[in-house]
Amino acid sequence: MNSKTKSVSPQRRVLNALQVGGRLSAAELSRITGTSDPRSHIRDLRGKGVDIRDEWRPNVGRGRHKVYYIPTEAEAEKGGAE
């Protein structure tokens, strides 16, 4: 994280990453944005009306994890996973 990103709020960094990053896990968002818990920022952004969706993905071994994304116009029109 550089000095420019430090002046941007953690919530804004999460939003920016989702706007350009496709589908990202909480771990990826944490690494990209430098926030310790991006899920709380996602919750707050959703509360402000931002359409952030999620879907479960299988892990390589076993288990699964969630990825978060802002839908494209086509995805928004047809619904999609939440």
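What share of the 82 residues of the chain counts as buried? The share is 32%, where buried means under 20% relative accessible area, exposed over 50%, and partly exposed in between (1.4 Å probe, protein chains only). This is a predicted model in which local features need pLDDT of at least 70 and side-chain atom pairs count only at pLDDT 80 or more, while totals for chains, interfaces and linings use all residues. Residues are numbered from 1 along each chain as its sequence is written, and side-chain values use heavy atoms, with hydrogens and water left out.

**Overall layout**

- The chain has 5 helices and 3 strands, taken as DSSP runs numbered from the N terminus (helices H or I, at least four residues; strands E, at least two).
- The pattern along the sequence is α-α-β-α-α-β-β-α.
- Of the contacts between residues at least 6 apart in sequence, 43% join residues at least 24 apart; contact means heavy atoms within 4.5 Å.

**Helix H2 and what follows**

- Helix H2 covers residues 10-21, and its 12 residues should span 16 Å at 1.5 Å a residue, which agrees with the 16 Å between its end C-alpha atoms; the expected span is 1.5 Å times one less than the number of residues.
- The buried residues in H2 include Gln11, Arg13, Val14, Leu15, Ala17 and Leu18.
- Gly22 follows H2 and has a positive phi, near 70 degrees.
- Gln11 has its C-alpha atom 10.0 Å from that of Arg43, although the two are 32 residues apart along the chain.
- Arg43 belongs to helix H4 and is exposed, with a relative accessible area of 56%.

**Thr35 in the H3-H4 loop**

- Thr35 is in the loop between helix H3 (26-33) and helix H4 (38-47), and it counts as buried because its relative accessibility is 5%.
- Not counting residues up to four places away in sequence, Thr35 touches Pro10, Arg13, Val14, Leu29, Ser30 and His41.
- The side chains of Thr35 and Thr33 make a polar contact of 2.8 Å; such a contact is a pair of N or O atoms within 3.5 Å, where within protein one must be able to donate a hydrogen and the other to accept it, and residues adjacent in sequence count only if both atoms are side-chain atoms.

**Salt bridges**

- The structure holds 8 salt bridges, each a side-chain nitrogen of Lys or Arg within 4 Å of a carboxyl oxygen of Asp or Glu.
- One of them joins the side chains of Glu75 and Arg23 at 2.7 Å, N to O.
- Glu75 lies in helix H5 (residues 73-78) and Arg23 in the loop between H2 and strand E1 (24-25), so this pair ties together parts 52 residues apart in sequence.
- Glu75 counts as buried at 18% relative accessibility, whereas Arg23 counts as partly exposed at 32%.
- Another bridge links Glu55 and Arg57, whose closest N and O atoms are 2.6 Å apart.
- Arg39 counts as partly exposed at 49% relative accessibility, and Asp37 counts as partly exposed at 30%.

**Charges over rings**

- Arg23 also lies over the face of Tyr69, at 3.7 Å from the ring centre; a charge sits over a ring if NZ of Lys or CZ of Arg is within 6 Å of the ring centre and within 35 degrees of the ring normal.
- The charged end of Arg64 sits over the ring of Trp56, 3.9 Å from the ring centre.
- A search of the whole structure finds 0 aromatic pairs; rings of Phe, Tyr and Trp (its six-membered ring) pair if their centres lie within 6.5 Å, with planes under 30 degrees apart counted as stacked, over 60 as edge-to-face and the rest as tilted.

**Asn59 in the E2-E3 loop**

- Asn59 is in the loop between strand E2 (53-58) and strand E3 (64-69), and it counts as partly exposed at 30% relative accessibility.
- Leaving aside neighbours within four places in sequence, Asn59 is in contact with Arg64 and His65.
- The side chains of Asn59 and His65 are joined by a polar contact of 2.6 Å.
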